[in-house]
Amino acid sequence: MSSDYEDKALKAVGLELMFLTPEKYSNAEGITAVELAKLVDLPVDIVKKKLNILKDKCIVRVKGINPKFWLFDDYNFQRLDDNDEIFHLLCNFDDVDFDKFFTY
């Protein structure tokens, strides 16, 4: 993760998946990269790269081949090492607008 843009993109994708509700995606299996890209307002190719980073850390699960459906894996996220940089990135809520994720 070399630049601030990459960190912000990874955080946006990770947090969107973390707080994802079934109303935001069209299939019970999860959300597609295209749907997720629209939610986070990023290009699909960047979202796919960030999803693969999260998948390598076992933070997200993927089902299917074409299309792939993505879901956040809360159990594996909680098992990450406290010193993991992605864990810290997703747990830093200083600049997060929770109104985006929840309707009060």
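How many aromatic pairs does a search of the whole structure find? I looked, and the search returned two, where rings of Phe, Tyr and Trp (its six-membered ring) pair if their centres lie within 6.5 Å, and planes under 30 degrees apart count as stacked, over 60 as edge-to-face and the rest as tilted.

I note that this is a predicted model, in which local features need pLDDT of at least 70 and side-chain atom pairs count only at pLDDT 80 or more, while totals for chains, interfaces and linings use all residues. Residues are numbered from 1 along each chain as its sequence is written, and side-chain values use heavy atoms, with hydrogens and water left out.

**Aromatic rings.** I found phenylalanine 72 and phenylalanine 77 in a tilted pair, 5.4 Å centre to centre with 55° between the planes. Phenylalanine 77 and phenylalanine 87 have ring centres 5.3 Å apart and planes at 35°, so this pair is tilted. Phenylalanine 77 lies in helix H4 (residues 74–78) and phenylalanine 87 in helix H5 (residues 85–91), so the pair ties together parts ten residues apart in sequence; helices (H or I, at least four residues) and strands (E, at least two) are DSSP runs, numbered from the N terminus.

**Helix H3.** I then turned to H3 (residues 44–56), where Ile46, Val47, Lys50, Leu51 and Leu54 are the buried residues. Seen down the axis of H3, they fall within an arc of 135°, so they line one face of the helix; the arc is that of the directions from the helix axis to the C-beta atoms. On the other side of H3, I recorded Lys49 and Asp56 as exposed.

**Backbone exceptions.** Cysteine 58, in the loop between H3 and S1, has a positive phi of about 65° and, at 43% relative accessibility, counts as partly exposed. I also found a cis peptide bond joining asparagine 66 and proline 67, with omega about 5°; proline 67 lies in the loop between strand S1 (60–63) and strand S2 (69–72).

Methods: Buried < 20%, exposed > 50% of the residue type's maximum accessible area, 1.4 Å probe, protein only.
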